[in-house]
Amino acid sequence: MTDKKYIRDKRSPIPKSEAVSRMMSANKGSDTNPERTLRKALRSKGLIGYRLNYKKVPGKPDICFVSKKVAIFVNGCFWHRCPHCNYPNPKHNQTYWIQKFNKTTARDKRTQEQLKELGWRTFVIWECEIKKDADKIAENLASEILST
Ligand SMILES: [Zn+2]
């Protein structure tokens, strides 16, 4: 009884931060679930022989088909500010978050430009798109990549 009350009291002031931390942990890391899901879908379409976190090109793309000069980025919706999900900024420490997000999106843009200059094709795949229909994404990627 006492415990229950204690937990409730402790939780009530921070629901927003909790939501934020959940999103953060869901989107961080280089071997996240959406990435694994997409790789599996790619393999099922015959797209094999990719490199992961390929370090020899800018931005260390998540999935690279090196000989075809194709880089695929799997972007977490929260961190990379997905245009489909349109997450609101966290309420707390807004200045910090806005700066952080701006930095991330600016870096993403720069990476795309650098890769383009090097003659690479880039594809940005959003986490929510993978959750929705990984198979369709893989199919589109396969027709783009295998045709060249
Ligand atoms: Zn999204």
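**Entry 1: α3 against α5**

I looked up the handedness first: α3 passes α5 in a right-handed crossing. A crossing is right-handed if the near helix is turned clockwise from the far one by less than a right angle, and left-handed if anticlockwise. The model is predicted; local features need pLDDT of at least 70, side-chain atom pairs count only at pLDDT 80 or more, and totals for chains, interfaces and linings use all residues. Residues are numbered from 1 along each chain as its sequence is written.

I noted that α3 covers residues 33–44 and α5 residues 127–146, and that they pack at an angle of about 20 degrees with their axes 8 Å apart. Axes are lines fitted to C-alpha atoms, for helices over the stretch in contact, and angles run from 0 to 180 degrees between N-to-C directions.

I then listed who makes the contact: from α3, Pro34, Thr37, Leu38, Ala41, Leu42 and Ser44; from α5, Glu127, Ile130, Lys131, Ala134, Asp135, Ile137, Ala138 and Leu141. Two residues are in contact if their C-beta atoms, placed from the backbone, lie within 7 Å. Sorted by class, the contact of α3 with α5 has 9 nonpolar, 2 polar and 3 charged residues. Ala, Val, Leu, Ile, Met, Phe, Trp, Tyr, Cys and Pro count as nonpolar, Asp, Glu, Lys and Arg as charged, and the others, Gly among them, as polar.

**Entry 2: Pro34 and Asn33**

I checked two residues of α3. Pro34 is found in helix α3 and counts as buried, with 22 C-beta neighbours inside 10 Å. The cut-offs: a residue is buried if 20 or more other C-beta atoms lie within 10 Å of its own, exposed if 12 or fewer, and partly exposed in between. Leaving aside neighbours within four places in sequence, Pro34 is in contact with Val74, Glu127, Ile130 and Lys131. I also took the C-alpha distance from Pro34 to Trp126, which is 8.7 Å at 92 residues apart in sequence.

Asn33, also placed in helix α3, is partly exposed, with 13 other C-beta atoms within 10 Å. Asn33 and Ile130 are 97 residues apart in sequence, and their C-alpha atoms are 9.7 Å apart.

**Entry 3: α4**

I compared the length of α4 (residues 94–117) with expectation: at 1.5 Å a residue its 24 residues should span 34 Å, and its end C-alpha atoms are 34 Å apart, which agrees. The expected span is 1.5 Å times one less than the number of residues. Helix α4 is hardly covered, with a count of 1 buried residue among its 24. Gly119 follows α4 and has a positive phi, near 85 degrees.

Most residues other than glycine have a negative phi. I found Arg81 with phi near 60 degrees and Asn93 with phi near 50 degrees. Arg81 is in the loop between β3 (70–75) and α4, and Asn93 lies in the loop between β3 and α4. Arg81 is partly exposed, with 17 other C-beta atoms within 10 Å; Asn93 is partly exposed, with 13.

**Entry 4: the chain**

I counted 5 helices and 4 strands, in the order α-α-α-β-β-β-α-β-α from the N terminus. Helices (H or I, at least four residues) and strands (E, at least two) are DSSP runs, numbered from the N terminus. Buried residues make up 23% of the 148 residues. Of the contacts with a separation of 6 or more, 70% are between residues 24 or more positions apart.
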